[in-house]
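Here's a quick briefing to read alongside the model. Have the viewer open and follow along topic by topic.

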Amino acid sequence: MRPINGIITLLPVFLTSVSAASILFKKGTVIAYNKQAKGLRILREGSVLVENDRITGVYDSVPPGRLPPGTEVVDLSGKIITPGFIDTHRHGWQTVFKTMASNTTLLEFFGRYSSFVAPFFWSASDIYDSQLAGLYEALNAGVTSSLDHATHTWSKDAAEAGLNACIDSGARVFWGFTFANITGLVTVEDLYPVFRQMAAKPALKKSPTTLAVAYDGWGPNPNVAEINNIMALALELNASVITTHSLQGPWGCTFCFFNPSSFFITNSPEDINALSYLNISTPIVFSHASFLTPAGASLLRQTNQYISITPESEMHYGQGHPVSYNIQDQASLGIDTHITFSTDILTQARIWLQQTRYERYLAVLKQDKLPGTNPMSVEQAFLLATRNGALALRRDDLGGIFIGAKADLVIWDANSPALLGWVDPVAAVMLHASVGDIEAVLVDGKWMKKGGKIVAKGWPAARTRFLATAKRLQAVWRDMPLPSPPAEFNGHEVVAPERVDVLRGPGDGYGDIYI
């Protein structure tokens with residue numbers, strides 16, 4: 001089989017609706033950020049002034065004096081306004097697989113849904129449709145910024161399709177061009193000129209989307225010449241971020257099931273530090289870092305690099321996160337594969353908050369003692385979902401409502417049934433709200449969602465195209481036999497965990513997947 005590629009025909013004008021050059025949001029509850037105190041600041045009956053793509057005023061009441069001519073005034077009485085959420089790890093192009101992998105494992109994912117299989121069935125237009133739909137889904141959920149580990153860069157057409165979708169969506173995407181050797185298809189060396197071509201796209205200069213680098217071959221036995229070439233390109237072309245899948249412990253590998261040359265790859269802070277690339281000005285985000293060592297944690301703190309915890313993914317697939325609770329000062333939150341679970345960072349923050357509380361409580365209970373305080377607060381969870389993402393990306397102008405910040409904002413209907421009667425706005429959002437309570441979303445001061453609906457001009461056509469693409473590709477994967485798990489992986493025996501029984505009497509209720 002040969003990979004299906006082709007020049008993509010872009011959907012018509014996927015830009016946001018026209019926004020005023022300035023917008024005043026008044027009389028709402030503002031969850032602002034205090035940069036000096038590194039914490040939240042709550043303004044009741046507060047106002048936020050946006051001019052072009054920046055926040056230029058944050059007030060505890062209606063601002064005094066004149067507004068810029070033509071300012072759009074939005075009354076936020078009874079509403080809450082927050083910064084947009086930041087997702088520091090996702091694979092946006094895989095959206096068409098949604099609900100097909102509900103009971104999958106990580107080993108099955110490698111052999112069925114990854115970039116080692118898809119190139120032989122996907123066209124460039126498929127990637128565009130799937131990536132765009134996934135970004136609109138994220139915007140609808142208040143995720144205004146995302147770091148996309150774009151594993152669809154197996155050809156120029158495939159790479160360009162995904163990048164075009166990011167640009168056309170209007171979202172703030174740190175698009176991580178993936179350098180990967182795929183046996184029989186493409187080599188890293190083949191991708192050097194493709195990366196240059198992507199960096200040269202004129203549309204990037206006018207877009208919130210920026211070019212990043214994703215690479216999973218850092219060590220412990222790296223191809224040093226390959227890494228030096230990639231890093232030279234990244235520095236020359238001003239890549240905004242570098243990201244890598246980091247799995248140690250029993251996994252100790254990324255994507256090695258179908259790529260024998262990458263066996264025993266850990267992509268740890270120690271690996272990158274040994275190559276003298278950890279302590280650089282470019283941010284490096286370590287996705288998962290599930291079995292981070294004390295030495296690795298120390299290196300992250302010394303060099304101010306961050307991990308991306310993907311709570312639902314690490315539970316779903318079994319990577320685990322046994323030590324991530326101890327490195328949250330250098331952590332942000334991510335989604336990972338939104339084909340298998342929710343795409344909103346709000347859900348991830350809530351899961352992580354309660355999981356952390358559970359782990360800390362359990363440690364006390366195991367000592368035959370009782371917990372007297374709560375080990376993690378809703379404010380800490382909120383910061384992980386917003387400001388910490390900005391710090392991971394080294395973007396001081398993101399992740400908060402303060403003067404000079406990018407105008408990436410989310411407006412919540414605080415009179416919805418879920419939020420009615422709230423007092424604490426942070427608790428209202430983190431513990432009671434849902435995506436359905438998000439009334440509006442802005443990126444760079446432009447409306448992406450308004451009145452509870454996506455307002456991108458081409459959204460209806462995008463939805464229609466995506467449904468046709470999903471139907472066709474889902475049919476291919478529906479008929480594809482499930483791969484059998486190997487007897488061992490990376491030197492570890494592969495076994496079946498104890499299966500849950502939810503039925504009284506015979507049977508366990510496990511059932512099937514209904515695709």
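The largest pocket holds about 1,100 Å³ of space, and keep in mind that this is a predicted model. Among the 33 residues lining the pocket, Asn 103, Thr 104, Thr 105, Val 495 and Pro 497 sit closest to its centre.

**Pocket lining**
- Sorted by class, the lining of the largest pocket comes out as 20 nonpolar, eight polar and five charged residues.
- Helix H1 (106-112) and strand E19 (492-493) each put at least two residues into that lining.
- H1 gives the largest share, with three residues.

**The sheet**
- Eight strands form an open sheet with parallel pairing, in the order E6-E7-E8-E9-E10-E11-E12-E13.
- At the edges are strand E6 (85-90) and strand E13 (331-333), each pairing on one side only.
- On average, neighbouring strands of this sheet are turned by 25° against each other, ignoring direction.

**A look at E8 and E9**
- Strand E8 (residues 172-179) runs parallel to strand E9 (residues 210-215), and the two pair over six bridges.
- Which residue of E9 does Phe 177 stand opposite? That would be Val 213.

**Helices on the sheet**
- Helix H4 (residues 188-199) packs on the sheet and touches both E8 and E9; the direction of H4 makes about 155° with that of E8.
- Helix H5 (residues 224-236) lies across E8, E9 and strand E10 (242-246), and H5 runs at about 170° to E9.

How values were computed. Residues are numbered from 1 along each chain as its sequence is written. This is a predicted model: local features need pLDDT of at least 70, side-chain atom pairs count only at pLDDT 80 or more; totals for chains, interfaces and linings use all residues. Side-chain values use heavy atoms; hydrogens and water are left out. Two strands pair if DSSP finds at least two bridges between them. Helices (H or I, at least four residues) and strands (E, at least two) are DSSP runs, numbered from the N terminus. Axes are lines fitted to C-alpha atoms, for helices over the stretch in contact, and angles run from 0 to 180 degrees between N-to-C directions. Contact means heavy atoms within 4.5 Å. On a 1 Å grid over the protein atoms alone, a cavity is a set of points where a 1.4 Å probe fits but cannot get out, and a pocket is an open set with protein on both sides within 12 Å along at least five of seven lines; lining residues have an atom within 4 Å of a point. Grid points are joined across faces, edges and corners, and a volume is the space filled by probe spheres set on the points. Ala, Val, Leu, Ile, Met, Phe, Trp, Tyr, Cys and Pro count as nonpolar, Asp, Glu, Lys and Arg as charged, and the others, Gly among them, as polar.
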